[in-house]
Structures are given as C-alpha cells and as structure tokens.
Amino acid sequence: MKFEIWSDYVCPFCYIGKRRLESALEQFVHPNEVVIEYRSFELNPQTSMYSGKSMHQILSEKHV
C-alpha cells in the first residue's frame, strides 16, 4: 500500500496528521507493506519569508 502525503512542513495540523498516521502504522499488522512518500505543499505562498515575527506570533494571528 502506498501513501502519497502532500503537506506543508510548518503546518501544525499536517504534523498532527503525520504523527497520527505513524501511530496507526505502529498498530498495523503489515507495516512493512506500507510505503509513505512525502510531497511538499505550500499552504500560503503569499506569506513573507521574513516578517520579523516568531512562528508563534504568526500562527496565533492566523488562527484567531
């Protein structure tokens, strides 16, 4: 079985999903038959790379 996962590495929800998948695979009967292929996806391409704010500030302003 192959999983192709598209995620943004700074997205906290993508990370939560990744960890849950890893936890589920630990309980799976045939974990050696699973191939995971990670792909990069930018959720917000208009975001400035250097805003002068910390990641915590950016996320708290975005998810208010």
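**View 1. Phe 28 sits in the loop between α1 and β2.** This is a predicted model, in which local features need pLDDT of at least 70, side-chain atom pairs count only at pLDDT 80 or more, and totals for chains, interfaces and linings use all residues. Residues are numbered from 1 along each chain as its sequence is written, and side-chain values use heavy atoms, with hydrogens and water left out. Helices (H or I, at least four residues) and strands (E, at least two) are DSSP runs, numbered from the N terminus. Phe 28 counts as partly exposed because its relative accessibility is 34% (buried means under 20% relative accessible area, exposed over 50%, partly exposed in between; 1.4 Å probe, protein chains only). Leaving out residues up to four places away in sequence, Phe 28 touches Met 1 and Val 34 (contact means heavy atoms within 4.5 Å).

**View 2. Strands β1 and β2 pair in the parallel sense.** Six bridges join β1 and β2 (strands pair if DSSP finds at least two bridges between them). Lys 2 stands opposite Val 35 in β2. From β1 the chain passes through α1 to β2, a right-handed β-α-β crossover. Right-handed means that, with the strands pointing away from the viewer, the path from the first strand over the helix to the second runs clockwise.

**View 3. Ser 7 lies in strand β1.** Is Ser 7 buried or exposed? Ser 7 is buried, because its relative accessible area is 19%. Beyond residues up to four places away in sequence, Ser 7 touches Cys 14, Arg 39, Ser 40 and Phe 41.

**View 4. The second largest pocket has a volume of about 150 Å³.** A pocket is an open set of points on a 1 Å grid over the protein atoms alone, where a 1.4 Å probe fits, with protein on both sides within 12 Å along at least five of seven lines; lining residues have an atom within 4 Å of a point. The volume is the space filled by probe spheres set on the points. Ser 7 is one of the lining residues, which also include Asp 8, Tyr 38 and Arg 39. β1 (2–7), α1 (12–27) and β2 (35–40) each supply at least two lining residues. α1 gives the most, with four.
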